[in-house]
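Trainee: I have a structure open and I would like to learn how to read it. Could you take me through it, feature by feature?

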Amino acid sequence: MLQILLLLLLSSTADSQSQRVSGYKKANTCVCQLNSTMWLFPAQKFKYVLEELHTCEGSLNNLQEELTFSSQRLPLIQDQFSNFTARLEPYNYLHFRGLYTELSLRQLGQELSQLQEDIDVVHSQLNNSHTQKLSKEADRLHKHVNKMQTIDTTNMKTVKEKLRYLKNNVETCKSIPKDFRGHDRHCLRGLITNISDPITTKVSPHGKSYVSGSWGKQAQKESEGQKNSYWVQPLLSSHIWGNTVRLYQTYEDFMASTNHREFTFASSYSDPSTNEGPNAVLYGEALYYHCYRSADVCRYDLEANEVKRVTLPGTGVGFNNKFPYCYYDCRLNSDVDVEADETGLWALYATLGNHGNLVISRLVWDSEVKSLNVTQTWETRLFKKAVSNAFMVCGVMYATRYVNEYQEEVFYAFDTATGKEDNSLAIRLEKVAKGVASLSYNPTNKQIYMYNDGYLLAYQAYF
């Protein structure tokens, strides 16, 4: 302390300027008058320096106390950090086991934020390698918790979806109206209650590269010549257009991909009679499908080799990819879907007049005058682009949606006999690929046929 004081005093006196005075000679001596005040002790400066010294001592003491406190606090924070890491371990386990801890993780995240603030304060004071490491670890842990919280938020939604599925299964049993039935006397059995796993699985005879198209069995019970025939109609041009259909006389021939006949119903892929979109059906002696870039349904007569057509009713009928099936992954140009069931032929589509919602029109072939007609139309409240596909059973339209790569779900039904709808269904269909190009029901054997990205699948429907 004395050394600091002397140094300060010397610095103060060094600031004084030397004085030069004149003298005179007296008795062979030099006489001059001196001003002795310049050597007076600098009391004012000494007082100021002393005050500064006391202030410095106080600041130094405070800093030493803070460092001591931070050094003492660091082990406590380390213990808190270790305790937090240990508490996080069960959540890591639950997280990776697929269990859902969103709420608890949110609370832990708040605690970690407070702990991180404490660590940052100590790090700013001590600023050594140990506190730097602790700060980095806290930051890394915080990011990890945030990531877990984000993922588990999604998992919670998955749980809710599973609960909804289970609830719908229960509600379906209670909510099906007794009068929910179609037109035909053979259809007094209510809605579909279950669908089997695939009972037929086969790759398209044209190969898996043709991911869009349709297939199935002869759908008309009264058909004689084609009673047991199977057919495949792939879209060979850009997965949108096709102009041929392949016919097998028996199931055995179909499974072996032998003894087939090829029918060409349009001269090119841009012909007005070309099939557009992946939905067709073989009914009687004819193939019914959506006509190229139009609001028409075409009927190709396999025996007469001629095409007849009818324009679908409605304001702004969607075609040319205006209203495709589009629940998860849009199926190109699937605007018009032609179906068959116990009651006859149907066309499923959407119109601007019905705000893009599904419209159902009943089709009838008049064999006497050789004309295809629409006899009745129903408008639903189901948006067509919110559906992955649809089919008809006993005058009831069923709609499906994407669940995951290996499952679809029948979730909606509309009864044309009563005008009633049921959106609480939850009937799963297993599949082998993600995309569903077409889905159709066959009344002769109560099977459902799916064209599944080049795979041909068949299911049994139960009522």
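Trainee: What share of the contacts in the protein chain between residues at least 6 apart in sequence join residues at least 24 apart?

Mentor: A contact means heavy atoms within 4.5 Å. In this predicted model, 57% of the contacts between residues at least 6 apart in sequence join residues at least 24 apart.

Trainee: How should I treat a predicted model and its numbering?

Mentor: Residues are numbered from 1 along each chain as its sequence is written, and side-chain values use heavy atoms, with hydrogens and water left out. As this is a predicted model, local features need pLDDT of at least 70 and side-chain atom pairs count only at pLDDT 80 or more, while totals for chains, interfaces and linings use all residues.

Trainee: What is the average pLDDT of the protein chain?

Mentor: pLDDT is the predictor's confidence in each residue, from 0 to 100. The protein chain averages 77, and 65% of the residues score at least 70. Over residues 1-16 the pLDDT is below 50, and this stretch has ten contacts in the model beyond near neighbours in sequence. Residues 171-185 also have a pLDDT below 50, with 39 contacts beyond near neighbours in sequence. Where pLDDT is low, the predicted coordinates should not be read in detail.

Trainee: How many helices and strands does the protein chain have?

Mentor: Helices (H or I, at least four residues) and strands (E, at least two) are DSSP runs, numbered from the N terminus. The protein chain has five helices and 25 strands.

Trainee: Which strands pair over six bridges?

Mentor: Two strands pair if DSSP finds at least two bridges between them. Here β12 (residues 296-301) and β13 (residues 306-311) pair in the antiparallel sense over six bridges. Cysteine 298 stands opposite arginine 309 in β13. Four residues lie between the strands of this hairpin, in which asparagine 305 takes a positive phi near 55°.

Trainee: Which residues have the most contacts inside the largest nonpolar core?

Mentor: Let's start with burial: buried means under 20% relative accessible area, exposed over 50%, and partly exposed in between (1.4 Å probe, protein chains only). A nonpolar core is a set of buried Ala, Val, Leu, Ile, Met, Phe, Trp, Tyr and Cys residues joined through side-chain atoms within 4.5 Å. Of the 463 residues of the protein chain, 45% count as buried. The largest nonpolar core has 21 residues, and Ile192, Ile195, Phe391, Tyr398, Val410 and Ile448 have the most contacts inside it. Several strands each supply at least two residues of this core, including β18 (389-393) and β24 (447-452). β25 gives the most, with three residues. A second, separate core of 19 residues includes Ala286, Val336, Tyr349 and Val359.

Trainee: What does isoleucine 448 touch?

Mentor: Leaving aside neighbours within four places in sequence, the contacts of isoleucine 448 include Ile192, Ile195, Phe391 and Leu457.

Trainee: How many disulfides does the structure hold?

Mentor: A disulfide is a covalent bond between the sulfur atoms of two cysteines; here a pair counts when the sulfur atoms are within 2.5 Å. The structure holds two. One joins cysteine 291 to cysteine 298 (S to S 1.9 Å). The torsion about that S-S bond is about 130°, so the disulfide is right-handed. Cysteine 291 counts as buried at 0% relative accessibility, and cysteine 298 counts as buried at 0% as well.

Trainee: Which cysteines does the other disulfide join?

Mentor: Cysteine 326 is joined to cysteine 330 (S to S 1.5 Å). Cysteine 326 is buried, with a relative accessible area of 15%, whereas cysteine 330 is partly exposed, at 41%.
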